[in-house]
Amino acid sequence: MKKLLSQIPSINSILLRTEIQELMSKYPEATVKKNIKQEVDRIKENIFQIPINELNTFTVPKIEDMIKNIEERVLLDSKCSLKKVINATGTILHTNLGRSILSEKVKDNLFDVGFNYSNLEFNVNDKNRGSRYSHLIKIIKELTDAEDAIVVNNNAAAVMLTLNTLANAKDVIVSRGELVEIGGSFRIPEIIKLSGCNLKEVGTTNKTHYEDYENEINEETGVMLKVHTSNYKIIGFTKSIENKELVELSRKNEIISIIDLGSGQLVDLRKYGLPYEPTVREIVKTGFDVVTFSGDKLLGGPQAGIILGKKEYIEKIKKNQLTRVLRIDKLTLSALESTLKIYLDEEKAIKEIPTLRMISYNKRELMDKAFLLSEKIDKSKYNIYINDKDVAEIGGGSYPEACLNSVSINLIPLNKSSIEIEKKLRKNNIIPIITRIKGDKLILDMRTIDEKDFDIIKDVINLFG
Ligand SMILES: *Cc1c(COP(=O)(O)O)cnc(C)c1O
């Protein structure tokens, strides 16, 4: 054993090798040294694992092989943990995979603003201090007809900030059918509590009438809140009041009306086979005092919480100390402004905003993609089928009951199990590919895969098959 241990190259002798010297000029010295030590320790460990009578079967690895291992590990260590993955699941707004992906159109300004000084809070015309929110006002007004707007970290923050400012520690009336929980522990009752107000539930799970709201109103009422039940649907014997009725009732009683739209969309998506949902412009027109929604759901922009509404209320929100706590940074502002600008031309928005693009693909386009990708897959390693009756989903708690018809490539691996391949695709060092499994089939949905990634997908799939 002693002899074997003495055969392991010393850390110093490895350090002196030119390959290692080169590695240290590119990567942090500490990372290289750590990996040399770990490589040496691993070999020692292996030697200690062998029964003494079998030691003669063991050979110490060559220094060249050790260096190769060290190089590989240093490379892995130097990669960022947060990185690109390929979403082949068919779920468009996949919260775990980053929800909306940004349009290529936002890139230029994002780089300019990120890598240079900017007029974030500086008014170049009069040399005065400006507001970071001012950059968005014009475009938001144009797209929604709202009087004023402000944007914070996400929609959860938008709801909390709005209630904290406007309900003023008083009662918030919400229907029992709208006490929503969104994934990641956003619960309307909890958010109301956090905002320092009292929740007043009205109605029942399936039915809430006009009178239920009316009977609950008293001097302690601060806000009437409508929550879009974006991630579930109550069907059957149901009743909820129309947005218009809620607005009228709140006006009559001089109470502030707020709607948490959740996803919030600027275009009508019925053309693409989805059920009717009012656009943000239509909601504003209904007369709500304040409207909140997400930046990275159906809008297709960066994570953000957009608050629209009457000027006097937005002004109040701006003055709340919490607004400073929840403020968005310049990269988000830049990406959001550029995304919103694309909406000035609705047809372009559908093509250029990936979230909308993926929703709007027609069958022909999906089939073409499936043909193109399936051609590239090694037929000696997989049986390949195209399923033209698959279903994709929007995800992100939007359109819970709606399914999108989709087309997928189904692979049956000939040499391995589909479970094994799924794992290999997901854990590979090149780029993780996230797929679905159904029975013995590995499924790649065409709605969420971009053609620019076809070659990477092909390489990885053919490598592991
Ligand atoms: C998604 C959602 C939220 C939370 O929005 P985030 O931007 O994820 O913080 C709040 N309310 C509703 C109704 C939602 O659907």
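Me: Let's start with open space: how much space lies in the second largest pocket?

Reply: Rolling a probe the size of a water molecule over the atoms shows where empty space is left. Here the second largest pocket holds about 960 Å³ of space. The closest to its centre among its 40 lining residues are Lys226, His228, Thr229, Lys233 and Ser240. A pocket is an open set of points, on a 1 Å grid over the protein atoms alone, with protein on both sides within 12 Å along at least five of seven lines; a cavity is a set where a 1.4 Å probe fits but cannot get out, and lining residues have an atom within 4 Å of a point. Grid points are joined across faces, edges and corners, and a volume is the space filled by probe spheres set on the points.

Me: Before we go on, what kind of model is this?

Reply: It is a predicted model, where local features need pLDDT of at least 70, side-chain atom pairs count only at pLDDT 80 or more, and totals for chains, interfaces and linings use all residues. Residues are numbered from 1 along each chain as its sequence is written, and side-chain values use heavy atoms, with hydrogens and water left out.

Me: Which elements each supply at least two residues of the lining of the second largest pocket?

Reply: They are β8 (221-227), α11 (243-252), β9 and α12 (280-286). The largest share, 3 residues, comes from α12. Helices (H or I, at least four residues) and strands (E, at least two) are DSSP runs, numbered from the N terminus. By class, this lining has 13 nonpolar, 17 polar and 10 charged residues. In that scheme Ala, Val, Leu, Ile, Met, Phe, Trp, Tyr, Cys and Pro count as nonpolar, Asp, Glu, Lys and Arg as charged, and the others, Gly among them, as polar.

Me: Now the ligand. How many residues surround the ligand?

Reply: There are 13, and the closest are Ala156, Ser230, Asp260, Ser294 and Lys297. To count as near, a residue needs a heavy atom within 4 Å of the molecule. The shell divides into 4 nonpolar, 6 polar and 3 charged residues. Both α8 (155-166) and β9 (256-262) supply at least two residues of it.

Me: How do I read a polar contact inside the protein?

Reply: It is a pair of N or O atoms within 3.5 Å; within protein, one must be able to donate a hydrogen and the other to accept it, and residues adjacent in sequence count only if both atoms are side-chain atoms. Take aspartate 289, in the loop between α12 and β10 (290-294). The side chain of aspartate 289 reaches the backbone nitrogen of serine 257 at 2.9 Å and makes a polar contact with the side chain of lysine 310 at 3.0 Å.

Me: Is aspartate 289 buried or exposed?

Reply: Aspartate 289 counts as buried, at 10% relative accessibility. Buried means under 20% relative accessible area, exposed over 50%, and partly exposed in between (1.4 Å probe, protein chains only).

Me: Last one: which phi does lysine 127 have?

Reply: Most residues other than glycine have a negative phi. Lysine 127 has a positive phi of about 65°. Lysine 127 sits in the loop between α6 (107-114) and α7, and is exposed, with a relative accessible area of 69%. Asparagine 168 also has a positive phi, of about 55°, and is found in the loop between α8 and β4 (171-175).
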